[in-house]
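The stops below go from the whole chain to single side chains.

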Amino acid sequence: MTIKVKKLDKRNTGYGKFKYAVTSTSLYAKEFYEIRAWMWDTWGASKELKDWMLDFRIALADVGCQNEHWCWQNDDYHRRLYLRTDKELVLFRLRWE
């Protein structure tokens, strides 16, 4: 599995809320769900990026599942895992690289 970590910029969805996106040429099905399950176990429950961004805009302080560490994007064209800060990236790299 070849994992790539990309630093987000203004062209990317999630910029300003997340610092990194994890992608891979083989980040499909089994690998994607294995990494996502590890993130879920490590930082707790999260949600898909669209829902995360919507909930962030509505009421940041009173949303039940607003994980501050990570989220994911799983659609036909993009399968990404988003990490919020350098701390999450370090832990991710220790486990997956």
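**Whole chain.** Of the 97 residues in the protein chain, 35% are buried (buried: under 20% relative accessible area; exposed: over 50%; partly exposed: in between; 1.4 Å probe, protein chains only). This is a predicted model, in which local features need pLDDT of at least 70 and side-chain atom pairs count only at pLDDT 80 or more, while totals for chains, interfaces and linings use all residues. Residues are numbered from 1 along each chain as its sequence is written, and side-chain values use heavy atoms, with hydrogens and water left out.

Switch to cartoon. The protein chain has 3 helices and 4 strands, in the sequence order β-β-α-α-β-β-α. These are DSSP runs numbered from the N terminus: helices are H or I with at least four residues, strands are E with at least two. Among contacts with a separation of 6 or more, 59% are between residues 24 or more positions apart; contact means heavy atoms within 4.5 Å.

**Main core.** Select Ile35, Met39, Trp70, Leu81, Leu83 and Phe92. They have the most contacts inside the largest nonpolar core, which has 15 residues. A nonpolar core is a set of buried Ala, Val, Leu, Ile, Met, Phe, Trp, Tyr and Cys residues joined through side-chain atoms within 4.5 Å. At least two residues of this core come from each of strand 2 (20-24), helix 1 (29-43), strand 3 (70-74), strand 4 (79-83) and helix 3. Helix 1 gives the most, with 5 residues.

Now centre on Phe92. Leaving aside neighbours within four places in sequence, Phe92 is in contact with Ile3, Val5, Val22, Ile35, Trp38, Met39, Leu83 and Glu97.

**Second core.** A separate core of 8 residues includes Phe18, Ala21, Trp52 and Tyr82. Select Trp52, in helix 2 (residues 49-59). Its relative accessible area is 1%, so Trp52 counts as buried. Which backbone oxygen lies 2.8 Å from a polar atom of the Trp52 side chain? The oxygen belongs to Asn67. The C-alpha atoms of Trp52 and Cys71 are separated by 7.3 Å, with the two residues 19 apart along the chain.

Move to Gln73 in strand 3. Gln73 is buried at 14% relative accessible area. Its side chain makes a polar contact of 2.7 Å with that of Tyr82 (a pair of N or O atoms within 3.5 Å; within protein, one must be able to donate a hydrogen and the other to accept it, and residues adjacent in sequence count only if both atoms are side-chain atoms).

**Salt bridges.** The structure holds 3 salt bridges, each a side-chain nitrogen of Lys or Arg within 4 Å of a carboxyl oxygen of Asp or Glu.

- Asp86 and Lys19: 3.2 Å, N to O. Asp86 lies in helix 3 and Lys19 in the loop between strand 1 (3-7) and strand 2, so the pair ties together parts 67 residues apart in sequence.
- Arg11 and Asp9: 2.6 Å, N to O. Arg11 is exposed at 72% relative accessibility, whereas Asp9 is partly exposed at 23%.
- Arg93 and Glu97: closest N and O atoms 3.2 Å apart. Arg93 is partly exposed at 36% and Glu97 is exposed at 55%.

**Surface.** Finally, select Leu94 in helix 3 (residues 86-96). Leu94 counts as exposed because its relative accessibility is 67%.
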